[in-house]
Protein chains: 4
Amino acid sequence: MAVKDVKKVVLAYSGGLDTSVILKWLQTTYNCEVVTFTADLGQGEELGPARKKAEMFGVKEIFVDDLRETFVRDFVFPMFRANTVYEGQYLLGTSIARPLIAQRQIEIAEQVGADAVAHGATGKGNDQVRFELSYYALKPDIKIIAPWREWDLTSRTKLLDFAEQHQIPIAKDKRGEAPFSVDANLLHSSSEGKILEDPAQEADEIVYQRTIRPEDAPDKATVIAIDFENGDPVAVDGVALSPAALLTRLNELGKANGIGRLDLVENRFVGMKSRGVYETPGGTILLAAHRAIESITLDREAAHLKDSLMPRYAELIYNGFWFSPERRMLQALIDTSQHSVNGRVRLKLYKGNVTCVGRESPNSLYSMKVVTFEDDQGAYDQVDAKGFIKLNALRLRLGAMAGRRGGAL
Amino acid sequence: MAVKDVKKVVLAYSGGLDTSVILKWLQTTYNCEVVTFTADLGQGEELGPARKKAEMFGVKEIFVDDLRETFVRDFVFPMFRANTVYEGQYLLGTSIARPLIAQRQIEIAEQVGADAVAHGATGKGNDQVRFELSYYALKPDIKIIAPWREWDLTSRTKLLDFAEQHQIPIAKDKRGEAPFSVDANLLHSSSEGKILEDPAQEADEIVYQRTIRPEDAPDKATVIAIDFENGDPVAVDGVALSPAALLTRLNELGKANGIGRLDLVENRFVGMKSRGVYETPGGTILLAAHRAIESITLDREAAHLKDSLMPRYAELIYNGFWFSPERRMLQALIDTSQHSVNGRVRLKLYKGNVTCVGRESPNSLYSMKVVTFEDDQGAYDQVDAKGFIKLNALRLRLGAMAGRRGGAL
Amino acid sequence: MAVKDVKKVVLAYSGGLDTSVILKWLQTTYNCEVVTFTADLGQGEELGPARKKAEMFGVKEIFVDDLRETFVRDFVFPMFRANTVYEGQYLLGTSIARPLIAQRQIEIAEQVGADAVAHGATGKGNDQVRFELSYYALKPDIKIIAPWREWDLTSRTKLLDFAEQHQIPIAKDKRGEAPFSVDANLLHSSSEGKILEDPAQEADEIVYQRTIRPEDAPDKATVIAIDFENGDPVAVDGVALSPAALLTRLNELGKANGIGRLDLVENRFVGMKSRGVYETPGGTILLAAHRAIESITLDREAAHLKDSLMPRYAELIYNGFWFSPERRMLQALIDTSQHSVNGRVRLKLYKGNVTCVGRESPNSLYSMKVVTFEDDQGAYDQVDAKGFIKLNALRLRLGAMAGRRGGAL
Amino acid sequence: MAVKDVKKVVLAYSGGLDTSVILKWLQTTYNCEVVTFTADLGQGEELGPARKKAEMFGVKEIFVDDLRETFVRDFVFPMFRANTVYEGQYLLGTSIARPLIAQRQIEIAEQVGADAVAHGATGKGNDQVRFELSYYALKPDIKIIAPWREWDLTSRTKLLDFAEQHQIPIAKDKRGEAPFSVDANLLHSSSEGKILEDPAQEADEIVYQRTIRPEDAPDKATVIAIDFENGDPVAVDGVALSPAALLTRLNELGKANGIGRLDLVENRFVGMKSRGVYETPGGTILLAAHRAIESITLDREAAHLKDSLMPRYAELIYNGFWFSPERRMLQALIDTSQHSVNGRVRLKLYKGNVTCVGRESPNSLYSMKVVTFEDDQGAYDQVDAKGFIKLNALRLRLGAMAGRRGGAL
């Protein structure tokens, strides 16, 4: 199955044991030059060691990039403009990071003249799909190496044996198997596998890394304000922040208040159900805030159109089609809707809850004058409602007259 | 504008001041016989006084019906099968009650030979639409009287004057104006108007009637189990309950744990934005539970199809089209999906949070054997992923080869 | 019901009997100044007489505008980018003209300082809705006069009496009632009412005005070529043409070949079914051509996304929501898809049929190399199909293993 | 890649050269017992020779089934209830036959105790997907053999060599390569490949087999009547016919009048564009007839809901997901809508055109009384339109007042 004749490959390299084994395996199996690419997406690990390890393997071209601002500005925020959730709940923290990693990997491949890319995702998951669809969309003739689908290091023992054979250092805590698998970036942390595989069992508290337990959060609520411009958040409590700084701030607030935990069984694109535990503290706050600012600034039908297309948009991102015509078309529709999504939302954060307690906007469409229970001085003529109802009812009445009462067919 | 020549009208009568004024106004304005209909939908008020008051007005045909089981079984549960929320958040507690009231009102009209029906909804809201669309769909030649759109009692003072003139008793606490308007039934309580009209201001705690503050809820989580059959809940903590009893039980649990509060700006069908505060304690728990049981029992594409149609379905209910062909068609699709939605969900209730901590089902589609990070003994061939990705990527690659990289158009 | 206190009104004025009566009626009823606006949208009537008649009524501000290029470029073409048909068949020829007329009318109102606009559409049809929604969206405080909903000239006799009383000249052929009602512009001609009201009866040949009978068309096919740029047609048979000139040319070709007739029962926005006969010769050709050029230049999912949203987009235009946020959002999505919709389509026109006989494009995504039945030299690896199928089947297999064979639920 | 250890395989066997080679290849490669299954789906070939040939190869279990009625009743008609077209044009004649063949093949496999099935579809097309998704959905543990993806008979020469080596008779006209590939059944005939591969070139007349040229059709129109019950056609010209007999009759009428030709570039599920020429004479008539009967019997929103979901439904059938939960759910929705789709449609067939010239129904929702241009005696109150428009406009007016004129965002 494996691609042959690879001259130079750009590996998405974390510096951890698994991708170190992959690095060595690529060198020995393909006898090719390996270029490493390590991205800081806010996963919370130092990148220095990754560079050092790569050097140790004799890698000559080493890329270590801080992509946090790009990640939040060009991927996370556009996605949040749509109030995107997959299967009603999941905020797509892993999904949205993959196309950026792939994009940068392809840029590097073109820069260094590599003919292949490689990633460390397994053959059962969604990430392989997200990486590879992005690679192909950006560089259709790229060769792709997915070691986990190719090699015979199919057990932990074999992997460790390979590591020892090739003098790959194994951290003490990596000897035993991790009790679950983690992915993290500035938007979220996800955990799955092993001890989480039985969906009837509650996730153990050790799984959670980004948030404290609601029970352990302060007994007093924290109230914050988020400002929006063109649908994107730009300030917290009146302090303007860059995209990554803003999300970092919301993560701190969310973490401290036990916000953003999610225990979910989801449907993978490759056809199976899987159970994941997600922590998206800042994103959970942001979603509530964005919905709230839209609630006063967005026209009803604009909002409903967005809502009706959101599941499709979420599915595209989940399935790895960020770099696709259909995602771009939907994005054009979504972005068009955000010009007047400006203003301030106040939120109460308390032990896992995010509650909107106020929204205001220079572009508000909320009209107290029209909606009021008091005398509206003619802003709205209640008599209009009669005709509105009668014509909306006409087809139902004609149906009922034809013997189809109550909307019968 | 008013309908003329009414002989007998069935009034949706709560027994409160406003509908008492309407009752008298109908008698004096139309010089017609008034039949009262008072429904117990779980709003939490005694119905005895309504009967007495109606008698006092000389009403001869008085209907007082307990519709709670019908309400939950035939309206609430079918709606929850779709995980229905309007505008991403609202659980439609008011919307779903209106068609049932209208249906019963029309049944009574046919039984007593009335040629008209009347309701107490105002000309600015959605409820007039929901009532009247239902009336027309069920009885296309019915005459409809909507006093609030017709009369000249347009201020509180005029209304009270009318009441006094006609010896309608005014409860002391009704002298002054209520600070906001309330609708309630077994599913929820809603509050709007007056002190709630400024969406920038937090709702005062006095608004909340069905739930305690999360801050006041127990410091220890309550874990419960809900059993489902064919998509509907049938038992709580192993105790089989009728639909209304089950929702009542969930309401108690939700109330005690501060669950189900929502402060929202929504878009009305009549074209304006309004601000509402909703409390749906049991419904909020039920939504989480239903999503969770579906997560292991429903096929991916079945779930996604439901998700993609849910906003439309919610809009129909919100707008008052319960008795419409399109709602029935969507219901057929939804109900078809629920045959295997059976099993048990365990939920943790804690200070406003509802968290799923376990789901199991005799009809589970979750396959630990397939998804496992461990050796799956051939249940899934990772090599298949390569072909899957390559053919999913083919159109993107052909696009990129034609100069449209990254899904450009 | 009528608006009071009108100072100056801009009337959409055709110069015909009905709008002449309206003109006079406005002058006498509202005692206001009337400004006339007559648009050339390619309806095929001379506009000189309209000006003269308006002068005769003492109108001081008379606007006669040739809007044909604007109509086709900014309204017809954008709509055709979506392959728009209402209820599977109707090309929306009337619907798409109304917002332009309304827009120009509002521009004139602002220019001349008028506080009202008036139109000649009846109270049963869609056009009143299309006009008035556009007026309100463009100028929310405009006063609208819809004489047909207000006056008492409810029979032909009364109308003629009014005309005679006010010395309005009545053309001899207008004495009797027209056997059906007509609307026409450069895109189409529509006929409805009177002799067409029974949908069981075939439309008489006299109804058709824009096309000859297929039976009378040439016995030999005409083959034409249409060139597209960015989704819009720019040339016929290699001759570059302005939008209006191009549509005119296609109308000639369509007419001569009996193309574009449609006899339809449709659903009006106001709630009733109506029967219309439409002739859209050039538009019918254009739709076929646009679909054909998209078939080789548009990505599959881009095309399917457009197809899935088209019914909604068509409904918006039909219902009069051209000037709405949701139409603009959909337009953004549609327009984004058209950048590479370039190339040439050849079509055979023959007695009512439009058949594509060739398509080619510099932006073609059709790859003979990949699709060929011959040896493709590795462009496509048939083995990939196995994995593609197996993972697409996985959820179905898991379902079947759980007892739900054949996709049962 | 190949499946091993096959004991008994059920082959979809046409009796032609290719599937005869497959038969022999299965026997020699897998050393397994082959069971043949030949279906009459109305492809217009005699099935006797297939049986004889199978006997000649030593096949002991031979199934030859006439599935025409099942095909039309349970597959074609349900699909036509949705007015199904793929990519705006294709009537899915091939797609809809595959699940039935697969279903019968699996039934036979279970009956004879076979552990595998095999088909003759290539690795580039959609049919392999349609067959195999159906197999897997119906019998998740079935082994599937797809010879064209496995063997090395990759050129015509090799195939003929193999045939000669194994004494497989080669019809004289099969020596040379067919100039294009054909699939046929009672619904349609499709042609693709070879001489049709260049989409810029018109299809040669020799491609067409099911229809005469419009030019060669009678100079006089044929008018027919089709009766519908519950959305399905039941009679032609007043003569009740079984499903297959009815479609056969419509095919004759369509063929004689040059109806149902389509030359198309379509998007395959496997990711490439392909060019096909389809002839669907009866189906083209049926689609027009069904749309026409729905136009007077179906509620507007029911029809629009169907229209909005049709592209998705068509895509599912095209992609091979007939036996899927989501197709079943959509079918439930569609079928629910058809109860009142009863009545008679008259159509004019003329040189490629199908024109509706009349529709009538006992369940008609068309109300001449309401729609009439004449005095409607109060059936519709034109004044209602004002309120209808004003409330539909309210959000647009509020938007414009907030500075967003004309639906700007």
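Predicted model: local features only at pLDDT ≥ 70, side-chain atom pairs only at ≥ 80, totals over all residues.

**Chain A as a whole**

- Chain A contains 13 helices and 14 strands.
- Along the principal axes, its C-alpha atoms fill a box of roughly 85 × 55 × 45 Å.
- Of the 409 residues in chain A, 67% are buried.
- Take the contacts in chain A between residues at least 6 apart in sequence: 72% of them join residues at least 24 apart.

**The annotated binding site in chain A**

- Which residues carry the "binding site" label? An unreviewed UniProt entry places that feature at A:Thr122, A:Asn126 and A:Asp127.
- You can find A:Asn126 in the loop that runs between strand E4 (116-118) and helix H5 (127-138) of chain A.
- Is A:Asn126 buried or exposed? A:Asn126 counts as buried because its relative accessibility is 6%, and the cut-off for buried is under 20%.
- Leaving aside residues up to four places away in sequence, A:Asn126 touches A:Glu266, A:Arg268, A:Phe269, A:Val270 and A:Tyr318.
- A:Asp127 belongs to helix H5 of chain A.
- With a relative accessible area of 17%, A:Asp127 is buried too.
- Again not counting residues up to four places away in sequence, the contacts of A:Asp127 are A:Thr94, A:Arg98 and A:Ala121.

**Where chain B meets chain A**

- This contact involves 106 residues from chain B and 106 residues from chain A.
- About 9700 Å² is buried between the two chains, and carbon and sulfur atoms give 57% of that area.
- On the chain B side, the residues that lose the most area to chain A are B:Lys124, B:Lys273 and B:Phe373, which together account for 8% of what that side buries.
- How many salt bridges lie between chain B and chain A? The count is 10 salt bridges.
- One to look for joins the side chains of A:Asp263 and B:Arg359, at 2.7 Å from N to O.
- There are also 56 residue pairs in polar contact between chain B and chain A, with both residues at pLDDT 80 or more.
- Helix H13 (residues 384-401) of chain B gives the most to the side that touches chain A, with 12 residues.
- By class, the side of chain B that touches chain A has 45 nonpolar, 23 polar and 38 charged residues.

**Where chain B meets chain C**

- Here the contact takes 30 residues from chain B and 30 residues from chain C.
- The area buried between chain B and chain C is about 2700 Å², and 62% of it comes from carbon and sulfur atoms.
- Chain B and chain C share 4 salt bridges.
- In a salt bridge between B:Arg395 and C:Asp299, the closest N and O atoms are 2.8 Å apart.
- The count of residue pairs in polar contact between chain B and chain C is 10, both residues being at pLDDT 80 or more.
- Which elements of chain B give two or more residues to the side that touches chain C? They are helix H10 (300-319) and H13 of chain B.
- H13 of chain B gives the most to that side, with 11 residues.
- The side of chain B that touches chain C divides into 11 nonpolar, 11 polar and 8 charged residues.

Note on methods: Residues numbered from 1 in each chain as written. Chains lettered and ligands numbered in written order. Heavy atoms only, no water. Contact = heavy atoms within 4.5 Å. Buried area = accessible area lost by both parts, 1.4 Å probe. Polar contact = N/O pair within 3.5 Å; in protein donor to acceptor, adjacent residues only side chain to side chain. Helix = DSSP H or I, 4+ residues; strand = E, 2+ residues; numbered from the N terminus. Nonpolar A, V, L, I, M, F, W, Y, C, P; charged D, E, K, R; others polar. UniProt positions renumbered as here; feature names shortened; annotations may be inferred. Buried < 20%, exposed > 50% of the residue type's maximum accessible area, 1.4 Å probe, protein only.
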